[in-house]
Amino acid sequence: MNMQNCENCPVHNKSQLKRLGVNMDNWDYVIALAGNPNTGKSTVFNSLTGLRQHTGNWPGKTVTRAEGGFEYNDRRYKIVDLPGTYSLLSTSTDEEVARNFILFGQPDVTVVVADATRLERNLNLVLQVLEITDRAVLCLNLIDEARRHDIKIDDRLLSKELGIPVIPASARQREGIPQLLEKIDEVASGNYLCKPYRIKSRSTKLEKSIERVSDLIVKKYPGIRNPRWLALRLLEGDQHIENAFINDELDFLIKENLAIETAEISEE
């Protein structure tokens, strides 16, 4: 990654990305594209990448993946189109692939594509993504269809409530794509600091349990991101997250992140 262009922005884990099959040679940032099926996610992907894309399978999976690239403000972006999914709770291979890429790959920005005509249904995935990452952009696709059905969305208020940029768009007409590119660039470069909304349980007992497990996770893995989300998944008995703790996935991730952060502090 070009550290001169990314001096003040969050740094993704290039070694971990390679483990997930993403080659970051000659690219400055990596973008994850997530969304429910039938939201026009592929159209957004095509609008951003044009013909600079290729397909293949995820390492060890039969799930198809698509990658592409684009340039903006003299920076080179690689975009990874995640499998369409309604949830990140990892009850299917598609959900596991999408969740693990956002969690362990730590992309610089996760763009969530939502259907503006069915926003309430799509917000479930948006809120789950915001539990995992601090760097996200919401693309309200099919906004032309929403207007046709007299559906009005206050994107500024939604952005304020979610704590991330919200861009109304119609990828088929390329409406909103320039604004989407601008916000992706601002979040990736650190010029826009997201303050994502996080759901709090009404159960005091559950909150205390989450806090207790979170503290144990942080004690074992100082500097880890997402301790609250990981704690919640452990309390819910998520076998995939349990395996990540048992195996070397989290150890590898933390060591690599601390090495990168230490190198940056030394350079400063």
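**Notes on the helix packing and core**

1. Glu96, Arg99, Leu103 and Phe104 of helix 3 meet His240, Ile241 and Ala244 of helix 10. Contact here means heavy atoms within 4.5 Å; helices (H or I, at least four residues) and strands (E, at least two) are DSSP runs, numbered from the N terminus. By class, this helix 3 to helix 10 contact has four nonpolar, one polar and two charged residues. Ala, Val, Leu, Ile, Met, Phe, Trp, Tyr, Cys and Pro count as nonpolar, Asp, Glu, Lys and Arg as charged, and the others, Gly among them, as polar.

2. A word on the model before going further. It is a predicted one, in which local features need pLDDT of at least 70 and side-chain atom pairs count only at pLDDT 80 or more, while totals for chains, interfaces and linings use all residues. Residues are numbered from 1 along each chain as its sequence is written, and side-chain values use heavy atoms, with hydrogens and water left out.

3. Back to that helix pair. The axes of helix 3 (residues 93–105) and helix 10 (residues 239–246) come within 12 Å and cross at roughly 40 degrees. That angle makes helix 3 oblique to helix 10, and their crossing is right-handed. The axes are lines fitted to C-alpha atoms, for helices over the stretch in contact, with angles from 0 to 180 degrees between N-to-C directions. Angles under 35 degrees count as roughly parallel, over 145 as roughly antiparallel, 65 to 115 as roughly perpendicular and the rest as oblique. A crossing is left-handed if the near helix is turned anticlockwise from the far one by less than a right angle, and right-handed if clockwise.

4. Helix 3 deserves a look in its own right. Eleven of its 13 residues are buried, so helix 3 is largely enclosed by the rest of the structure. Buried means under 20% relative accessible area, exposed over 50%, and partly exposed in between (1.4 Å probe, protein chains only). Gln106 follows helix 3 with a positive phi, near 50 degrees.

5. Trp229, Leu230, Arg233 and Leu234 of helix 9 make the contact with Ile241, Glu242 and Phe245 of helix 10. By class, five nonpolar, no polar and two charged residues take part in the contact of helix 9 with helix 10.

6. In helix 9 (residues 227–235), the residues Trp229, Leu230, Ala231 and Arg233 are buried. The buried residues of helix 9 pack against helix 3, helix 4 (119–132), helix 8 (204–220) and helix 10. Just after helix 9, Gly237 takes a positive phi of about 80 degrees.

7. For the overall picture, the chain has eleven helices and seven strands, and 51% of its 268 residues are buried. Among contacts with a separation of 6 or more, residues 24 or more positions apart account for 69%.

8. The largest nonpolar core has 68 residues, and those with the most contacts inside it are Leu48, Leu82, Val111, Leu138 and Leu180. Such a core is a set of buried Ala, Val, Leu, Ile, Met, Phe, Trp, Tyr and Cys residues joined through side-chain atoms within 4.5 Å. Not counting residues up to four places away in sequence, Leu48 touches Gly69, Phe70, Ile79, Ile177, Leu180, Leu181 and Ile184.

9. Leu158 belongs to helix 6 (residues 155–162) and, at 14% relative accessibility, counts as buried. With residues up to four places away in sequence set aside, Leu158 touches Leu119, Leu138, Leu140, Ile153 and Val166. Leu158 and Leu138 are 20 residues apart in sequence and 9.7 Å apart in space, C-alpha to C-alpha.

10. Finally, two loop residues to check by eye. Asn73 has a positive phi of about 50 degrees although it is not a glycine; Asn73 sits in the loop between strand 3 (64–72) and strand 4 (75–81) and is partly exposed, with a relative accessible area of 49%. Asp150, in the loop between helix 5 (143–148) and helix 6, also has a positive phi, near 60 degrees, and counts as exposed at 60% relative accessibility.
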